[in-house]
Amino acid sequence: MGFKVLIQTEAIDLGKEHGLLQDSGGSVGAIATFFGTVRDFNETRKIESISIEHYSGMTESELKKILNEARARWKISAGTVIHRVGELHVGEGIVFVGTASSHRKDAFQSCEFIMDYLKTNAPLWKKERHDEGEDWVSSKESDQIFASSWEKGSH
Amino acid sequence: MIKLVFFASLREELGCGSLEIEFNQPLRLSALIKQLEEKKGTRWGKVLASESVKIAINKEIVVNDELLSDGCEVAFLPPVTGG
């Protein structure tokens, strides 16, 4: 049984994190992971790099709340949420979410749920750098819709 | 003393990351924003009272016009964009 939330500047060690989930108990039969990376474009521009800001203490506690909510909704025996902050370049990892369960549905759904709630609830802010300067990213209405879809029990 | 913190686009818009204000008597959030507006200008009131801005007291989101106590930290958060 291992549940953890990390905010860090260092790169995410995917092999290590996957291994920890895999070794989290004999009942584990399914691991679902999500890995978000920096892409080189947005709706209108080519992106060179991004920087991510957080609210120390609150970001961690909000992510823990989301992880706990996932534990209450699905049978998961381990869960990891790692979000990087600071300057990140195209191709680098931003966020890792992984859940382990006895069955795939619980793993898949809890992993997606955590990402959808992270997008709308965790105090993290992204700024994109492009050839003409830099801009704070605007929140997307679609993210609100994805998050609220879990409330309606449509999954 | 009440500590105020402003994040991301709000910090840049206001040109201020954090500030401390003297605590004289219990006051509500709305009164705090009004006070800031009087001291710092109408733009502050407009920016901080915006519907998209969320407010956290001691790192917990609040939705009501809470009463602030001495030593608390009030954070103003623009819409989040992590992930």
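Guide: Let us begin with a term: a residue is called buried when its relative accessible area is under 20%, and exposed when this is over 50%. Please keep in mind throughout that this is a predicted model.

Visitor: Is A:Glu62 buried or exposed?
Guide: The place to look is helix 2 of chain A, where A:Glu62 is found. The relative accessible area of A:Glu62 is 7%, and because the cut-off for the term is under 20%, A:Glu62 counts as buried.

Visitor: Which residue of chain B is in contact with A:Glu62?
Guide: Neighbours within four places in sequence are left aside here, and what remains on the list includes A:Asn121, A:Ala122 and A:Pro123, which belong to chain A.

Visitor: Which element of chain A gives the largest share of the side that touches chain B?
Guide: The contact as a whole takes 27 residues from chain A and 20 residues from chain B, and the count of residue pairs in polar contact between the two chains, both at pLDDT 80 or more, is 15. On the chain A side, strand 3, helix 2, strand 6, helix 3 and strand 7 each supply at least two residues. The largest share, five residues, comes from helix 3.

Visitor: What is the N to O distance in the salt bridge of A:Lys127 and B:Glu12?
Guide: Between chain A and chain B the count is three salt bridges. In one of them the side chains of A:Lys127 and B:Glu12 meet, with an N to O distance of 2.6 Å.

Visitor: How much area is buried between chain A and chain B?
Guide: Carbon and sulfur atoms give 55% of this area, while the residues on the chain A side divide into twelve nonpolar, nine polar and six charged. The area buried between the two chains is about 1,800 Å².

Visitor: Which element gives the most to the largest nonpolar core?
Guide: This core has 31 residues, and those with the most contacts inside it are A:Leu63, A:Val81, A:Phe113, A:Ile114 and A:Leu118. Several elements of chain A give two or more residues to the core, among them strand 1, strand 4 and helix 2. The most, seven residues, comes from helix 3 of chain A.

Visitor: How many residues does the other core have, the one that includes B:Ile33?
Guide: This core lies apart from the largest one, and among its residues are also B:Val62, B:Leu68 and B:Val74. Its number of residues is 24.

How values were computed. Residues numbered from 1 in each chain as written. Chains lettered and ligands numbered in written order. Predicted model: local features only at pLDDT ≥ 70, side-chain atom pairs only at ≥ 80, totals over all residues. Heavy atoms only, no water. Contact = heavy atoms within 4.5 Å. Buried area = accessible area lost by both parts, 1.4 Å probe. Salt bridge = Lys/Arg side-chain N within 4 Å of Asp/Glu carboxyl O. Polar contact = N/O pair within 3.5 Å; in protein donor to acceptor, adjacent residues only side chain to side chain. Helix = DSSP H or I, 4+ residues; strand = E, 2+ residues; numbered from the N terminus. Nonpolar A, V, L, I, M, F, W, Y, C, P; charged D, E, K, R; others polar. Core = buried A, V, L, I, M, F, W, Y, C linked by side-chain atoms within 4.5 Å. Buried < 20%, exposed > 50% of the residue type's maximum accessible area, 1.4 Å probe, protein only.
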